[in-house]
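Please work through each task before reading its solution.

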Amino acid sequence: MRKIYFLLIAISIFGLSSCVSKRYAKQGLKYEQAGMYEMAAEAFYKSIMANPKNIDAAIGLKKNGQRVLDDRILNVHQAYSSGNDKETVYKFIDAKAYQNMVNATGVTISMPERTEEYYNEARPRYLSKRYDEARLLLEEEKFKAAEDIFAEIKRIDRDFQGVDEHMKVSICEPLYRDGNEFLKNAMFRKAYDKFNTIIVNHGTYKDAKDLRDEALNKGTITIAISPFTNNTNRNNANVLIEGKISSALTTLNNPFIKVVDIKNTQTFVNEQHRGTQLGSDIQVGRMLAAKALLTGSVLKYEANEGRTSQEEKRGYLKEVITIKNKETGEETKETKYHKTVYTEVRKSNRTVVGIRYQLSSSETSAVLVSDAFEQRADDEVHYALFQGDKSKLIPGYWEFADKASIKDKINDNPNEVAALQQLLGAKQTIKTLDALEAELTDAVAKRVANRINLYNPEQ
């Protein structure tokens with residue numbers, strides 16, 4: 001059956017393509033009769049693209065396509081006769097592209113050898129002229145204008161007189177000069193971007209790699225993380241948060257941020273404080289290989305596991321039965337509702353972390369980044385359990401299991417039934433506190449790292 005199905009689809013597609021091809025062929029014939037050869041050639045081209053086996057389209061394209069090509073060939077010859085090398089080159093490129101497009105269909109149209117000879121004669125003259133113009137622009141340091149001309153030369157002849165190397169200069173030199181200017185003015189990140197663009201896109205150029213490394217070295221903020229204080233009842237909450245922040249900073253895709261592992265951190269802090277008080281020139285950051293110090297406090301760390309709440313709910317099992325009239329044989333449907341019970345379960349787990357942190361310069365004590373925030377992660381479940389046929393369970397209420405009451409209520413309406421069915425299909429597994437804590441501490445660390453990542457001393 002599947003083979004027949006795909007065969008029918010293939011036949012249908014072929015039939016559609018055939019109809020489209022015939023329609024374009026008819027258009028092409030009308031254009032041809034009106035002397036509109038270029039439009040006729042376009043229509044026959046579309047026809048043969050829709051159905052390569054359309055003989056009428058092939059004949060029409062060969063006849064009218066050759067006429068179109070002959071007109072373009074004439075343009076090449078006229079440009080050559082008038083001594084216009086640029087026109088000769090571009091008119092030939094246009095004619096050749098059209099010939100290639102038509103020939104790709106299997107229909108062959110031809111161009112005289114003399115036309116290509118004209119092109120081969122005019123091209124080196126034109127490119128040499130443009131090449132000299134571009135070289136002059138390079139000398140005049142008009143790099144963008146030179147780049148545009150070299151790009152034009154490459155489009156026509158990729159191997160012309162080492163054009164790649166000259167084009168590289170026209171592109172890289174402005175970047176190189178900008179990078180040097182930024183480096184001179186201590187704009188290390190901008191300098192890095194310029195030199196890195198050269199290296200990534202064009203490889204070696206002068207001493208761009210060394211200058212990029214210099215910019216990176218001077219612009220990198222090396223961060224030492226001081227032990228966070230713990231103002232909560234949770235043991236080692238500060239150690240956990242500090243470690244997560246260190247990992248988050250390390251994984252940032254920012255070459256200008258680096259976490260350094262410094263032993264004897266308390267000595268680092270004491271020396272920084274003493275140097276600030278005495279006004280001395282102790283360069284603590286340089287001594288301990290860190291330009292910035294990250295300090296902080298964990299202000300809140302709560303993890304509360306909720307109590308599982310189970311509530312018995314009363315409802316009905318819906319039964320639809322068919323009753324047949326013995327005398328007439330007619331069948332009718334009758335709905336019955338049987339009292340039953342099901343269970344609704346609820347539980348919620350909650351975690352909260354609150355921190356305050358500060359990134360400060362280890363040389364000047366200036367505050368670079370600071371923030372205080374509280375973040376939470378929680379999860380809950382709310383679902384229904386029923387041992388019978390869930391698809392027939394209807395919400396409602398009843399007072400007595402064995403007899404009717406005026407308080408009995410059957411909520412057999414689409415909205416309430418759908419709400420109950422949603423509870424019956426709801427998730428029953430809640431995230432553990434360990435999972436929530438891991439999720440929350442990762443989010444807190446990521447928020448701190450992202451805030452530090454946004455810090456740019458050059459802005």
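A residue is called buried under 20% relative accessible area, exposed over 50%, and partly exposed in between (1.4 Å probe, protein chains only). Helices (H or I, at least four residues) and strands (E, at least two) are DSSP runs numbered from the N terminus. The model is predicted, so local features need pLDDT of at least 70, side-chain atom pairs count only at pLDDT 80 or more, and totals for chains, interfaces and linings use all residues. Residues are numbered from 1 along each chain as its sequence is written, and side-chain values use heavy atoms, with hydrogens and water left out.

**Exercise 1.** Determine which residues of helix 13 are buried and what they pack against.

*Solution.* 
1. Within helix 13 (residues 414-424), the buried residues are V417, L420, L423 and L424.
2. These residues lie on the same side of helix 13 because they cover an arc of only 120° around the axis, the arc being that of the directions from the helix axis to the C-beta atoms.
3. Exposed residues P414, N415 and Q422 are carried by the face turned away from the buried side of helix 13.
4. The buried residues of helix 13 pack against strand 6 (331-361), strand 7 (367-385) and strand 8 (393-397), where contact means heavy atoms within 4.5 Å.

**Exercise 2.** State where Q161 is found and characterise its phi.

*Solution.* 
1. Q161 belongs to the loop between helix 6 (143-156) and helix 7 (163-184).
2. Its phi is near 45°, a positive value in a residue other than glycine.
3. Q161 counts as partly exposed, at 45% relative accessibility.
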